[in-house]
Amino acid sequence: MNENEQTKHHAPGYGLFIGVWAALMVLTSVTVEVSTIHLGFLNVVVAMTIASVKASLVVFFFMHLKYENRTLKTMVLVAFVILAIFIGFTFFDTANR
Amino acid sequence: MTEHRDYQGAKMGMWIFLFTEILLFGGLFVLYSVTLGRYPTEFHEASKLLDVTMGTTNTVVLITSSLFAALSVVGLQRGSRKAAKVFILLTLVLACCFLVIKYFEWSHKIHAGIYPGGEALTQWEPGKQAFFGLYYIMTGLHGLHVIIGMGVFLWVWTRIAVGTCTPEHFVALENAGLYWHLVDLIWIYLFPLYYLIT
């Protein structure tokens, strides 16, 4: 079975990607606009939240993760959990010095 | 002799490589966050010196290049080598735009003496020196990834042209796309952290 037969049933088309791109553009302008409002520490939280929404759109659609099997999805999840542990534990340390 | 191909395995291998990239940049993001926690006011002041218009333009350029990379895979899946090649060239053109804008940003800063060891930067507070040190390392490493990604796309473009990457076996293009989207993903975080924390 070649690669085309393996993906043709669920491969996304041009329209979906253009829609995702439009959403990414909107989110980019939102994050730039929000940064001009002074919210103190919340600015960082809002910026990182919007960045993570954009990142999810890229990972699930552009990188086709939505259409991959459960094994690959789990692997990606584990990689990001490890990253979160890495970041989280660093802060447990540095925040309590 | 029958050819052995493993489509799922090829993609999984690429993802495992991308995990190492995520942890490579992850380490730098941790360093950035800890330093931001230590020097919040200096980071705030230093970040104002970066040009938001140029940063936003580069974000739009890179996300759009990612769109073209994704569309090139659709083109090839639907049997059009020509569409795939055109979309790859568009990706490469935007990648060049990204690097040119980056070059102007960096050279402007370097002329003003704002670089590690530069005459202006060495006079400033340690927090601002840390900000610009991290800025050059992280955007520099990211820029290197853009250059490598362009090389990968040129290689895939050649493979499509000579017929070894085809509508039946397009995993090389798909993996090149995965690499490119990761580069885009990293920029999605770099952009607010450096340009918008003001």
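**Figure 1. The crossing of helices α4 and α5 of chain B is left-handed.** In this predicted model, helices (H or I, at least four residues) are DSSP runs numbered from the N terminus. A crossing is called left-handed if the near helix is turned anticlockwise from the far one by less than a right angle, and right-handed if clockwise. The axes of α4 (residues 81-111) and α5 (residues 126-162) of chain B come within 10 Å and cross at roughly 160°. Axes are lines fitted to C-alpha atoms, for helices over the stretch in contact, and angles run from 0 to 180 degrees between N-to-C directions. The angle makes α4(B) roughly antiparallel to α5(B), a term for angles over 145 degrees. Among the residues that make the contact are Ile88(B) and Leu92(B) of α4(B), and Val146(B) and Phe153(B) of α5(B); two residues are in contact if their C-beta atoms, placed from the backbone, lie within 7 Å. The residues of this contact comprise 13 nonpolar, 4 polar and 3 charged. Here Ala, Val, Leu, Ile, Met, Phe, Trp, Tyr, Cys and Pro count as nonpolar, Asp, Glu, Lys and Arg as charged, and the others, Gly among them, as polar.

**Figure 2. Helix α3 of chain B packs against α4(B).** The axes of the two helices are 8 Å apart, at an angle of about 165°. α3(B) and α4(B) are therefore roughly antiparallel to each other, and their crossing is left-handed. Their contact involves 17 nonpolar, 7 polar and 3 charged residues. The 26 residues of α3(B) (residues 52-77) should span 38 Å at 1.5 Å a residue, and the end C-alpha atoms are 38 Å apart, which agrees. The expected span is 1.5 Å times one less than the number of residues. After α3(B) comes Gly79(B), with a positive phi near 95°.

**Figure 3. Helix α1 of chain B (residues 7-38) has 32 residues.** From its first C-alpha to its last, α1(B) reaches 47 Å, close to the expected 46 Å. Its buried residues are Lys11(B), Phe25(B), Tyr32(B) and Leu36(B). A residue is buried if 20 or more other C-beta atoms lie within 10 Å of its own, exposed if 12 or fewer, and partly exposed in between, with C-beta atoms placed from the backbone. The cover over these buried residues includes α2 (40-47), α5 and α6 (171-196) of chain B.

**Figure 4. His64(A) lies in the loop between α3 and α4 of chain A.** Although His64(A) is not a glycine, its phi is positive, about 60°. Most residues other than glycine have a negative phi. His64(A) counts as buried because it has 21 C-beta neighbours inside 10 Å. Ser56(A), in helix α3 of chain A, counts as exposed because it has 12 such neighbours.

**Figure 5. Chain A meets chain B through 35 residues of chain A and 38 residues of chain B.** On the chain A side, α1 (3-7), α2 (14-35), α3 (42-62) and α4 (70-94) each supply at least two residues. By class, this side has 22 nonpolar, 11 polar and 2 charged residues.

**Notes to the figures.** Residues are numbered from 1 along each chain as its sequence is written, while chains are lettered from A and ligands numbered from 1 in the order in which they are written. Since the model is predicted, local features need pLDDT of at least 70 and side-chain atom pairs count only at pLDDT 80 or more, whereas totals for chains, interfaces and linings use all residues.

Terms used
Angles under 35 degrees count as roughly parallel, over 145 as roughly antiparallel, 65 to 115 as roughly perpendicular and the rest as oblique.
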